[in-house]
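Thanks for coming, everyone. I would like to walk you through one model this morning, so please have a look at it on the screen before I start.

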Amino acid sequence: MADSFYGEVLADHNLHPLHRERIDAANFVCKGLNPTCGDDIELQLKIDDGVITDGSFTGIGCAISQASADIMLELIIGKSVDEARRLKELFMKMIAGEIADDELDELEEAGALQSISKMPARVKCATLSWKTMEKLLDDALQ
Ligand code: ZN
């Protein structure tokens, strides 16, 4: 049951992505590349007074990298930069197989990618957008 729900979440974000577009309002962009799979994305965020008020992504890649980017944006839009960084840390903990149940709840649909922790070859696909987001935030706040 759980596996099919997670599969549905991923399929839904691939077929009907909410944030796969380019928003003109973005004031920060960052590219992310995962050469081992060929995932190549560009993340666009609009950040106002330390809050991520809008975001989108473009590019190509496998189903996992694309779904992960869409799910991440759904989660971080409306959050503060600090909160987005904390969610990124939780996501990395989940992928490392070290997350607690209450922490997993905070990741909402991103929890659909928990099984990646058992698929080492796909870890870079799932974490690409999150690492790109962290790099963007690091650059943005310099
Ligand atoms: Zn990939």
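I will go from the metal site to the helix beside it, and then to one lysine.

Please keep in mind that this is a predicted model. Let me begin with the zinc ion, which is coordinated through the SG atoms of C37, C62 and C125 and through OD atoms of D39, at 2.2 to 2.7 Å. Along the chain, these donors follow the spacing C-x1-D-x22-C-x62-C. Within that set, D39 belongs to strand β2, residues 39–48, whereas C62 sits in the loop between β3 and α2, so this pair ties together parts that are 23 residues apart in sequence. Both are on the buried side of the 20% cut-off: D39 has a relative accessible area of 0%, and C62 has one of 16%.

How far apart are the end C-alpha atoms of α2? They are 20 Å apart, which agrees with the 20 Å that its 14 residues should span at 1.5 Å a residue. Of those 14 residues, 12 are buried, so α2 is largely enclosed by the rest of the structure; among the buried ones are I64, I71, M72, L73 and I76, but also S65, Q66 and D70. Just after α2, G78 takes a positive phi of about 95°.

Finally, I would like to turn to K88, which is found in helix α3, residues 81–95. Is this lysine, K88, buried or exposed? K88 is buried, with a relative accessible area of 7%, and, leaving aside residues up to four places away in sequence, it touches W130, M133 and E134.

Conventions
Residues numbered from 1 in each chain as written. Predicted model: local features only at pLDDT ≥ 70, side-chain atom pairs only at ≥ 80, totals over all residues. Heavy atoms only, no water. Donors = N, O, S within 2.8 Å, 3.2 Å for Na, K, Ca; no water. Helix = DSSP H or I, 4+ residues; strand = E, 2+ residues; numbered from the N terminus. Buried < 20%, exposed > 50% of the residue type's maximum accessible area, 1.4 Å probe, protein only. Expected span 1.5 Å × (residues − 1). Contact = heavy atoms within 4.5 Å.
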